[in-house]
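Dear colleague,

Please find below the structure that I am handing over to you.

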Amino acid sequence: MTRKQRRATFILLSLAILGMAAGLVLYAMRDNIVFFYSPSDIIEKSVTPGSRIRIGGMVENGSLKNTSPTSIEFNVTDYAKTMRVAYTGILPDLFREGQGVVAEGTLQPDGSFVADTVLAKHDEKYMPPEVAESLKKAGRWKEGEEMPAPDGAYTK
Amino acid sequence: MIAELGHFALILALAVALVQMVVPMIGAHRDDEALMGVANKAALVQFVLIGFAFAVLVHAFVTSDFSLKLVADNSHSAKPLIYKISGVWANHEGSMVLWVLILALYGALVAFFGANLPSALRARVLAVQGSIGVAFIGFILITSNPFMRLMPAPFEGRGLNPLLQDPGLAFHPPFLYAGYVGLSMAFSFAIAALIEGRVDASWARWVRPWTLGAWVALTIGIAMGSWWAYYTLGWGGYWFWDPVENASLMPWIVATALLHSAIVAEKRGALKSWTILLAIFAFSLSLIGTFLVRSGVLNSVHAFASDPMRGVVILGIVTVFIGGALVLYGWRAPALKAEGMFAPMSREGALIVNNLLLSAAGVAVFIGTLYPLFLDALGGPKITVGAPFFNMTFVPIMLPLLILVPLGPLLGWKRADLVAALERLMGAGALAVLVSLCVFAFVSEGPWLAALGMGLATWLVVGAFTEFAARIALFSGPLTTSLRRARLLPRAQWGMAFAHGGLGILVAGLVGMTAWQSELVTALKEGESATVADYTLTLEKVGLRQGPNYEALVGVIRVKKDGKDLGFMMPEKRRFPVERQEKTEAAIRTNGMSDLYVVIGDDNGHGGYTIRAYVNPFAPWIWGGAIIMAFGGLISLTDRRYRVGAPTRARLRPQSQPAQ
């Protein structure tokens, strides 16, 4: 095998592997990305029920309820609009009323949301960036300000 | 007062790092031994200064000096000692100090052990190392001063996030950083080689142990992080393809590729400029990882609020280092002459395939991790790329690599006989097929792919052993000969056998847990029972227990299997009054083959408690495999060839001398 043929072999091999990787990435990108919406977005952009999405906002005070021994429901709000979220299982340790939350699952035809994953914020200071953003958009919060309590009143 | 001394030491360290960056570089350029000699002293002094600053910080945490803002924000006097210490690096400022401490430690190690390095190369390596130090110490002093005072000092601190008060996570960052920052050594060597314009076998022989050390630390760090996630997040999962996890996985993948390509550069003189490029990429990904984690741009379970200024400064540092290194590479790499002709079917060829596949896997993870950020930065929709994406890209790219792992070491250098190599793997292949068939025949649940997965794991383990057995003539000669040969076998061979075998065990763990996990979510009142897989769980009692700085809700659960009493499991839900947070402590019962994993939730308002239980077959093998891989790396690190052979360097040939 000449030097040229050898080089050609390796170039073809590299192209084949890179092509395979690119194909896989593009294919996986098509079906496996999950969009994030705030409760207002869902109503404004009329998201089709059944697709897999993430929603985020604040857990409304006093909205958490046990619907069965292992299932719970709570409201997620961006202060403009509110959504009912149902979840079965154990909530993450950091989940609390009045604080930020991100839930992944599917939108139901009746406009409620069934979550299979609930992500809660990580520490006192942290709020999921999407939640902060959508609250800012809704005009309910500015950077550096104390968070409004989700029932509308400013409490400390 | 003592905190101000720490701050002062850090400022001095910056000055020393500046000297270390500039003076030895000039010395190496002018061939001035005295100026080059400054590098060693500067590296040692820098380490001592940063070590002092770090010790001051530890002292402040241990003595709960709440006049320091960092301590007041992240510690509490009622915290156990170990978490007071780990609290030092469980926050942004402290973790950056740990980062530069490890950086300075590596520099000091080069100064200390590098007596056999040519002085110009050592001076340049330390100068590059110094420049990284300048950037990051400067970053700490400007944006993240850990020695900020609080006036007036509060009486009590705000405590540490309970999720971080955990033995697994206390030591996860130091290992991870030792790995991240360890790759800076490969980077510094690469830049120094580009400046010198030459790479030879002994260069590769110096780079390998540093990369190997970093790789071992990274492997342990990632395994610890995943183990922590497994037992504290209470989801029974071990890897979430979270951006912060990916940030540590990407340098690991590239470091693995680098380890393998450096072998070709050392043994055969080929793939030199590729090895340099990988060294640059490996550290670049460490820097990108640092940026992702420290700038707070991620929506991640790890992300903490942070100030945007920090993100901008780190992004600047990352851009300058990666951009500068790539420009230098583009300029100087063409001067590196490749030697060592080889046919595509050869060990070199196999290692190239290894590198191509690992790079492709790295690119897939990179795109999945950063695409949402790019899209967001460009004003596009907010998206999340989760586990399904990575399962569809990373896994298929890694599969061919896993299949080829046992084959590579059996191929000869330069030109190899594929048929002969395959013949030697007949045993491994037969066993793999047998295992697949058995799984297929006897295990009814789970996807049929799992049978192939277990076959692949067998192939890896037995394949690693085949190469090893052949080297020591295990079945072809008397046992005494084999033992003697095993003793004389280079440690690097032992290391490879362990690393590749550990990989097989890891694969078995991943496949087994993915395919055959059983889950149970139920609500139990005291006295009630539920079943998961073969186990019957009875919630006997729920009580409260007082911990050092928390109060725990404890579920006492009796476990029975086939009517046999296996004793109690006690999952806890801990409440930390200071931090006003809760933390789940899963109860895990393992027999080495599978885990029974139980979590207790809150009182559900119906007089019962939510119980989530999993049976995770082969779960312990995941971490076992990773630890065996790291152990293989450690054995390889003790290979005497790294020490004995290193000083002999090829004589400088006039034609490869760079234009100065």
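**A hairpin in chain B**

In the hairpin formed by strand 5 of chain B and strand 6 of chain B, 2 residues lie between the strands, and B:Asp562 takes a positive phi near 50 degrees. Strand 5 (residues 551-561) and strand 6 (residues 564-569) of chain B run antiparallel and are joined by 5 bridges; strands count as paired if DSSP finds at least two bridges between them. Within this pair, B:Val559 has B:Gly567 of strand 6 of chain B as its bridge partner. Helices (H or I, at least four residues) and strands (E, at least two) are DSSP runs, numbered from the N terminus.

**Basis of the description**

This is a predicted model, in which local features need pLDDT of at least 70 and side-chain atom pairs count only at pLDDT 80 or more, while totals for chains, interfaces and linings use all residues. Residues are numbered from 1 along each chain as its sequence is written, and chains are lettered from A and ligands numbered from 1 in the order in which they are written.

**Chain A and its interface with chain B**

Chain A has 3 helices and 7 strands, in the order α-β-α-β-β-β-β-β-β-α along the sequence. Of its 156 residues, 36% count as buried, that is, with 20 or more other C-beta atoms within 10 Å of their own, the C-beta atoms being placed from the backbone.

Between the chains, 35 residues of chain A are in contact with 44 residues of chain B; a contact requires C-beta atoms, placed from the backbone, within 7 Å. On the chain A side, the elements that give two or more residues are helix 1 (3-31), strand 1 (33-37) and helix 3 (129-137). Helix 1 of chain A gives the most, with 12 residues. By class, this side has 21 nonpolar, 8 polar and 6 charged residues. Here Ala, Val, Leu, Ile, Met, Phe, Trp, Tyr, Cys and Pro count as nonpolar, Asp, Glu, Lys and Arg as charged, and the others, Gly among them, as polar.

**Helices of chain B**

Helix 10 (residues 243-268) of chain B has 26 residues and should span 38 Å at 1.5 Å a residue, which agrees with the 37 Å between its end C-alpha atoms; the expected span is 1.5 Å times one less than the number of residues. Because 23 of these 26 residues are buried, helix 10 of chain B is largely enclosed by the rest of the structure. B:Gly269 follows this helix and has a positive phi, near 70 degrees.

For helix 1 (residues 2-30) of chain B, the 29 residues should span 42 Å, and the end C-alpha atoms are 42 Å apart, which agrees. Just after helix 1 of chain B, B:Asp31 takes a positive phi of about 60 degrees.

**Nonpolar cores**

A nonpolar core is a set of buried Ala, Val, Leu, Ile, Met, Phe, Trp, Tyr and Cys residues joined through C-beta atoms within 7 Å. The largest has 208 residues, and those with the most contacts inside it are B:Val100, B:Ala186, B:Phe189, B:Ala279 and B:Ala282. Helix 9 (residues 201-232) of chain B provides the largest share of this core, 18 residues. A second, separate core of 44 residues includes A:Phe74, A:Val76, A:Val102 and A:Ala115.

With kind regards

Technical notes: Contact = placed C-beta atoms within 7 Å. Buried ≥ 20, exposed ≤ 12 C-beta atoms within 10 Å, placed from the backbone.
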